[in-house]
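Please read the following briefing alongside the sequence and the model. It begins with one residue and then widens to the whole chain.

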Amino acid sequence: MVQVRVRVRAIGVVALATALVLTLTSCGVAAETAPAWKTALSQALKKLGPYGDEFGTMAKPAPVDDLAGALKGVPAQGLTAEEAAMIARAEAIVRFWREVMRVSASADTLAGAIPDEAIKLVTLRLGPNSSPEFVSHVDDLAARALKGLTCNMTQKLLDRAGKDAVANRPLSYDPAVGLTSDSVRTYFDANLAALGYDLTAVNETFAAYGFSIDAIGTATTWTSAITGVIDAPDLTTQRAYVYYIRLCLVPAR
């Protein structure tokens, strides 16, 4: 399936708003005397349109509730075929954006949960009598590794269009952690050595390889929930694309 990217999505919403405006004058009816539900629907779509360019990086939720509210005012009977088709498209846009916001919220929740989850996994693989400073360093690296694994896995789920769309965006994670147990262990070794730790002593205290197995399992569980696409007329994207932008890229200013 060919995925339609950000700018096309925005155009889709604006185009529907424009089409509704045009129908306000159909059959010789002036726009200013058009039914209130048509005016409300057109205005709601226009408000939603600009959010297409900020897809997945929204500082605040798109005003999809305005569109949903406008749809409640649509009469149950007496619609033309053209009007009914436009209403169906508007309803699909509401469903699309609500799913986008659900996935975005899920990514935000995970971003906040990763440090605590990493600490739990470290605790399972940490020997007794470890110094607080060492534990703090390992916890920090574990959080970075867990996020890196999750983002690397999510990036692999993206189709070509998705990968191209994010190719030059600054990352909020370290891709050097890789995707395998060996790459995770190498990541810990390199970073702990850079902090001045003796790796022989580290290996007697912290089982980085065991942690890597646990972390890969956790990241796999998280990313298995973001497969598939979110569809609407002129609005199609992968859930992984929404998730990756929200969790793995530096927020747009």
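A44 is found in helix α2, where helices (H or I, at least four residues) and strands (E, at least two) are DSSP runs numbered from the N terminus. This is a predicted model, in which local features need pLDDT of at least 70 and side-chain atom pairs count only at pLDDT 80 or more, while totals for chains, interfaces and linings use all residues. Residues are numbered from 1 along each chain as its sequence is written, and side-chain values use heavy atoms, with hydrogens and water left out.

**A44 and L67**

- A44 counts as buried because its relative accessibility is 4%; buried means under 20% relative accessible area, exposed means over 50%, and partly exposed lies in between (1.4 Å probe, protein chains only).
- Leaving aside neighbours within four places in sequence, A44 is in contact with D66, L67 and A70, contact meaning heavy atoms within 4.5 Å.
- The C-alpha atoms of A44 and G69 are separated by 8.8 Å, although these residues are 25 residues apart along the chain.
- L67, with its neighbours within four places in sequence left aside in the same way, is in contact with L41, A44, L45, L48, A90, I93 and V94.

**The protein as a whole**

- The protein has ten helices and two strands, and from the N terminus on its elements run α-α-α-α-α-α-α-α-α-β-β-α.
- Of the 253 residues in the protein, 45% are buried.
- Among contacts with a separation of 6 or more, 79% are between residues 24 or more positions apart.
- The protein exposes about 12,600 Å², of which carbon and sulfur atoms supply 56%; accessible areas come from the Shrake-Rupley method with a 1.4 Å probe, and for residues only the protein chains shown count as cover.

**The largest nonpolar core**

- In soluble globular proteins, nonpolar side chains tend to be buried together.
- The largest nonpolar core has 64 residues, and those with the most contacts inside it are L41, L67, F188 and F211; such a core is a set of buried Ala, Val, Leu, Ile, Met, Phe, Trp, Tyr and Cys residues joined through side-chain atoms within 4.5 Å.
- At least two residues of this core are supplied by each of α2 (36-48), α3 (64-72), α4 (81-125), α5, α7 (181-194), α9 (208-223), β1 (229-232) and α10.
- Helix α4 gives the most to this core, with 15 residues.

**The packing of α5 against α10**

- Two packed helices are described by the angle between their axes and the distance between the axes.
- Helix α5 (residues 132-157) and helix α10 (residues 239-248) pack at an angle of about 145°, with their axes 9 Å apart; the axes are lines fitted to C-alpha atoms, for helices over the stretch in contact, and angles run from 0 to 180 degrees between N-to-C directions.
- K147, T150, C151, T154, Q155 and L157 of α5 make this contact with A240, Y243, Y244, L247 and C248 of α10.
- The residues of the contact divide into seven nonpolar, three polar and one charged, where Ala, Val, Leu, Ile, Met, Phe, Trp, Tyr, Cys and Pro count as nonpolar, Asp, Glu, Lys and Arg as charged, and the others, Gly among them, as polar.

- R125 has its place in helix α4 and counts as partly exposed because its relative accessibility is 30%.
- Beyond its neighbours within four places in sequence, R125 is in contact with T205, F206, A207, G210, F211 and D214; R125 and T205 are 80 residues apart in sequence and 8.3 Å apart in space, C-alpha to C-alpha.
- N129 lies in the loop between α4 and α5, and N129 counts as exposed because its relative accessibility is 81%.
- Phi of N129 is near 65°, a positive value in a residue other than glycine, whereas most residues other than glycine have a negative phi.
- S136 is found in helix α5, and it counts as partly exposed at 44% relative accessibility.
- T218, placed in helix α9, counts as buried at 16% relative accessibility, and T218 touches E117, L121 and L146, not counting residues up to four places away in sequence.
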